[in-house]
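Me: I have a structure to study and would like to work through it with questions, taking one step at a time. Could you show it to me, please?

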Amino acid sequence: MIPIFQRLSKKIGKEKVIWRYNPILFTDVYTEEYHRKAFSQIAEALNGYTEKCVIGRSEPDLLPISTGAYSQFCMKYPAKVKHVLITQP
């Protein structure tokens, strides 16, 4: 999907494509570390191809980290993603 996203961005402009990372669920397999690594890899691949990222959260009562922690998690990449929206379930 990343190559398709990159081609679309080149065709219509990075300000018109939005990357959505969702849902963030935590399990024994999909840990916080897993999501940090996945988000980082995707952010690197989409660097220069988008300015916006929407984060989709799962049920907030089931999450071990707060909305503030999500913001910090996402904004670690400010040069790559200028705008982050965190959705509520």
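Me: Which residues line the largest pocket in this predicted model?
Reply: The model is a predicted one, and about 160 Å³ of space lies in its largest pocket. A residue counts as lining when it has an atom within 4 Å of a point of the pocket, and the residues that line the largest pocket are Y21, N22, P23, L25, Y30, Y34, H35, A38 and I42.

Me: Which element gives the most to the lining of the largest pocket?
Reply: Two elements, strand 1 (18-24) and helix 2, each give two or more residues to the lining of this pocket. The element that gives the most, with four residues, is helix 2.

Me: Where on helix 2 do its buried residues fall, and why do they line one face?
Reply: Helix 2 runs over residues 32-45, and its residues H35, A38, F39 and A43 are buried. In an α-helix there are 3.6 residues a turn, so residues three or four places apart point the same way. Seen down the axis of helix 2, the buried residues fall within an arc of 130 degrees, so they line one face of the helix.

Me: Which exposed residues does the face of helix 2 turned away from its buried side carry?
Reply: Exposed here means over 50% relative accessible area. On the face of helix 2 turned away from the buried side, the exposed residues are E33 and K37.

Me: How many residues make up the largest nonpolar core?
Reply: Strand 1, helix 2 and strand 2 (52-57) each give two or more residues to this core. Its members include W19, A38, F39 and I55, and the residues in all number 11.

Terms used. Residues numbered from 1 in each chain as written. Predicted model: local features only at pLDDT ≥ 70, side-chain atom pairs only at ≥ 80, totals over all residues. Heavy atoms only, no water. Expected span 1.5 Å × (residues − 1). Buried < 20%, exposed > 50% of the residue type's maximum accessible area, 1.4 Å probe, protein only. Arc of directions from axis to C-beta. 1 Å grid on protein atoms, 1.4 Å probe; cavity = no way out; pocket = protein on both sides within 12 Å on 5 of 7 lines; lining within 4 Å. Points joined across faces, edges and corners; volume = space filled by probe spheres on them. Core = buried A, V, L, I, M, F, W, Y, C linked by side-chain atoms within 4.5 Å.
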